[in-house]
Amino acid sequence: MKNVGGTPRNGHCVPQTPQAVVHYFVDESGDPTLFSANGRVLVGTEGCSRFFMLGLLEVRDPNGLDARLADLRTRLLLDPYFQGVPSMHPDAGKTALAFHAKDDLPEVRREVFALLKEEEVRFFAVVRSKKVTASYVRSRNRMDPNYRYHPNELYDHLIRRLFRDRLHQSDRNLITFAARGKSDRTRALLEALEAARQRYSEKWGSSVDTSIEVVSSLSRDQGGLQAADYFLWALQRLYERGEDRFLRLVWPRCRLVHDVDDTRAAEYGVYYTKKTPPDAALLEGHPGI
């Protein structure tokens with residue numbers, strides 16, 4: 001298969017002059033769970049995704065995006081066409097409170113996608129095959145019986161990959177993560193980001209002293225997180241169901257998707273760029289499926 005995305009240097013990896021402030025919103029799709037309580041591999045079973053992906057949305061105007069999404073939601077809620085639809089009722093805790101692609105009606109998703117493709121945003125993502133990851137964990141267990149996989153391990157690994165060439169591009173990095181469960185993982189996320197920055201410094205032989213500010217938020221409180229969820233949902237539909245029509249709608253706003261485990265052409269995987277989008281045909285025969 002042709003490596004449609006080029007090399008790791010393609011796109012955003014060359015040092016650049018920092019901007020003043022960059023707003024990033026980070027969400028996940030799928031889940032990092034690999035095994036049951038008794039160690040059985042769950043990947044591919046009902047209710048367990050085959051892929052885990054982490055997405056980053058760079059938003060030029062977060063407040064403006066908030067306002068435009070809120071205005072769209074208000075207009076949809078007032079539209080007689082949606083009257084009586086359960087997911088549009090405030091008590092349902094779904095579309096009436098925030099956009100969430102999995103819960104929204106197809107007609108609602110179409111409106112949100114139409115808005116997002118006109119926004120000044122840039123989407124980046126890293127995709128991992130859970131089948132390949134589970135195989136790696138099994139192999140590591142054979143070499144080190146004391147090793148125990150934890151889902152946060154995969155999440156933090158993707159954080160380092162996602163940000164390894166990003167944190168030098170602004171004086172201030174304002175990073176909002178979608179809240180995960182009840183525990184506050186802000187410290188762990190900062191450590192993962194610092195590790196990414198350190199690796200960048202070692203790679204290029206230059207220090208990076210830009211600031212990193214991390215907050216965790218519910219998606220309903222941040223339009224940027226709702227937008228990131230939509231991009232990830234579109235990417236997930238491609239990988240889990242072979243449907244590429246949703247991703248095509250917003251691909252002009254996508255900058256880079258790194259499929260780590262599609263190693264058919266190169267050991268570092270495939271880099272899909274704005275000019276070379278992934279599609280269902282390209283994923284046929286993917287080693288991680």
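The dialogue below treats these features in turn for this predicted model.

Q: How much space lies in the largest pocket?
A: Rolling a probe the size of a water molecule over the atoms shows where empty space is left. In this model, the largest pocket holds about 840 Å³ of space.

Q: Which residues lie nearest the centre of the largest pocket, and which elements give two or more residues to its lining?
A: The lining comprises 28 residues, and those nearest the centre are Asp-27, Glu-28, His-100, Lys-102 and Asp-229. Two or more residues come from each of β1 (19-29) and α6. The largest share, 7 residues, belongs to α6.

Q: What is the make-up of this lining by class?
A: The lining of the largest pocket has 11 charged, 9 nonpolar and 8 polar residues.

Q: Is Gln-226 buried or exposed?
A: A residue counts as buried when its relative accessible area is under 20%. Gln-226 has a value of 4% and is therefore buried. Gln-226 belongs to helix α6, which spans residues 223-241.

Q: What does the side chain of Gln-226 reach, and which residues does Gln-226 touch?
A: The Gln-226 side chain reaches the backbone nitrogen of Phe-99 at 2.9 Å. Leaving aside residues up to four places away in sequence, Gln-226 touches Leu-69, Arg-73, Ala-98, Phe-99, Ser-219 and Arg-220.

Q: How many disulfides does the model contain?
A: A disulfide is a covalent bond between the sulfur atoms of two cysteines. With a cut-off of 2.5 Å between cysteine sulfur atoms, the count is 0 disulfides.

Q: Are Cys-48 and Cys-254 buried or exposed?
A: Cys-48 is buried, with a relative accessible area of 13%. Cys-254 also counts as buried, at 0% relative accessibility.

Terms used
Residues are numbered from 1 along each chain as its sequence is written. This is a predicted model: local features need pLDDT of at least 70, side-chain atom pairs count only at pLDDT 80 or more; totals for chains, interfaces and linings use all residues. Side-chain values use heavy atoms; hydrogens and water are left out. Helices (H or I, at least four residues) and strands (E, at least two) are DSSP runs, numbered from the N terminus. Buried means under 20% relative accessible area, exposed over 50%, partly exposed in between (1.4 Å probe, protein chains only). A polar contact is a pair of N or O atoms within 3.5 Å; within protein, one must be able to donate a hydrogen and the other to accept it, and residues adjacent in sequence count only if both atoms are side-chain atoms. Contact means heavy atoms within 4.5 Å. On a 1 Å grid over the protein atoms alone, a cavity is a set of points where a 1.4 Å probe fits but cannot get out, and a pocket is an open set with protein on both sides within 12 Å along at least five of seven lines; lining residues have an atom within 4 Å of a point. Grid points are joined across faces, edges and corners, and a volume is the space filled by probe spheres set on the points. Ala, Val, Leu, Ile, Met, Phe, Trp, Tyr, Cys and Pro count as nonpolar, Asp, Glu, Lys and Arg as charged, and the others, Gly among them, as polar.
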